[in-house]
Amino acid sequence: MKILALFFAVFLLMLQGTLGFMRAPNNDVQCKQAGGTCSTDLCPLPNMRPFGRCQRGVPCCRVFYD
């Protein structure tokens, strides 16, 4: 039973580390890695929405399907 508690603790630590990758991008490289594009204006297509920022406050846009 102690091994189960240890396994659960290790699992939570691993999960906590992976949740950092879900944060919104804050530079050009992170935007591209997340599948987005840096737009100089508003997001161009109607189904594209900003989900982070590139450098200098430019929005990082990605296609979202509702």
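Predicted model: local features only at pLDDT ≥ 70, side-chain atom pairs only at ≥ 80, totals over all residues.
Good morning, colleagues. Let me begin with the overall architecture. The protein contains two helices and three strands. Read from the N terminus, the order of these elements is α-α-β-β-β, so defined by the DSSP runs.

I turn next to the sheet. The three strands make up an open sheet with antiparallel pairing, and their order within that sheet is E1-E3-E2. Strand E1, residues 37-38, and strand E2, residues 48-53, are at the edges; each has a single partner strand, and therefore one side of each has no neighbour in the sheet. The pairing of E2 with strand E3, residues 59-63, is antiparallel and runs over five bridges. Where does Met-48 find its bridge partner in E3? That partner is Val-63.

A word on the annotated region. An unreviewed UniProt entry records the feature "domain: Beta-defensin-like" at residues 28-62. Within residues 28-62, the model assigns 17% of the chain to helix and 34% to strand.

Finally, some values for the whole chain. Of the 66 residues in the protein, 18% are buried, where buried denotes under 20% relative accessible area. The accessible surface amounts to about 5,600 Å², and carbon and sulfur atoms contribute 66% of that area. As for contacts with a separation of 6 or more, 30% of them join residues 24 or more positions apart.

That concludes the description, and I welcome your questions.

Notes. Residues numbered from 1 in each chain as written. Heavy atoms only, no water. Helix = DSSP H or I, 4+ residues; strand = E, 2+ residues; numbered from the N terminus. Buried < 20%, exposed > 50% of the residue type's maximum accessible area, 1.4 Å probe, protein only. Contact = heavy atoms within 4.5 Å. Areas by Shrake-Rupley, 256 points an atom, 1.4 Å probe, with all protein chains shown as cover. Pairing = 2+ DSSP bridges. UniProt positions renumbered as here; feature names shortened; annotations may be inferred.
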